[in-house]
Amino acid sequence: DDPHLLQRWAALETDLLRQRLMALPGVGRKVADCVLLFGYGRWDAFPVDRWVKRALEALYFDGASLPEARLQAFAHERFGELGGLAQAYLFARWRAAGGGERLPCP
């Protein structure tokens with residue numbers, strides 16, 4: 001009922017803000033990370049949708065299917081504070097290549 005709730009949450013650190021967002025009805029990890037990245041400008045957020053999942057698995061894991069939590073951990077280790085930028089690049093390049101073409105690892 002607080003119209004300024006999401007605005008006040010901007011002061012929270014990323015992990016706590018993600019938890020708060022995921023506590024909202026219908027908000028899972030991907031949506032929370034999208035809100036963090038595109039709504040709050042948190043460049044360390046790394047949304048994993050099916051396209052990013054496929055790109056990561058193909059480019060870094062020889063096509064092996066991995067759980068989202070493993071991909072999140074990998075992205076955090078590999079891309080760190082600029083994970084959101086890496087995610088946007090992976091998504092755009094993978095979709096532009098038709099989702100199956102081998103691209104050089106960024």
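Arg-18 and Asp-33 are both buried in this predicted model. Their side chains meet in a salt bridge, with an N to O distance of 2.6 Å. Arg-18 belongs to helix 2, which covers residues 14-22, while Asp-33 belongs to helix 3, which covers residues 29-39, so this pair ties together parts that are 15 residues apart in sequence.

Asp-33 has a further partner. Its side chain also forms a salt bridge with that of Arg-29, at 2.8 Å from N to O. Here both residues sit in helix 3, and because they are 4 residues apart, about one helical turn separates them. The accessibility of the two ends is as follows. Arg-29 has 29% relative accessibility and so counts as partly exposed. Asp-33, at 0% relative accessibility, counts as buried because the limit for that class is under 20%. Through salt bridges that share partners, Asp-15, Arg-18, Arg-29 and Asp-33 are joined into one network.

Another salt bridge links the side chains of Asp-2 and Arg-8, with 2.4 Å between N and O. Asp-2 is at 32% relative accessibility and therefore counts as partly exposed. Arg-8 is at 49% and is likewise partly exposed, since the exposed class requires over 50%.

The count of salt bridges comes to 5, including the pairs Asp-2 with Arg-8, Arg-18 with Asp-33 and Arg-29 with Asp-33. Side chains of opposite charge can pair when their charged atoms come close.

Methods: Residues numbered from 1 in each chain as written. Predicted model: local features only at pLDDT ≥ 70, side-chain atom pairs only at ≥ 80, totals over all residues. Heavy atoms only, no water. Salt bridge = Lys/Arg side-chain N within 4 Å of Asp/Glu carboxyl O. Buried < 20%, exposed > 50% of the residue type's maximum accessible area, 1.4 Å probe, protein only. Helix = DSSP H or I, 4+ residues; strand = E, 2+ residues; numbered from the N terminus.
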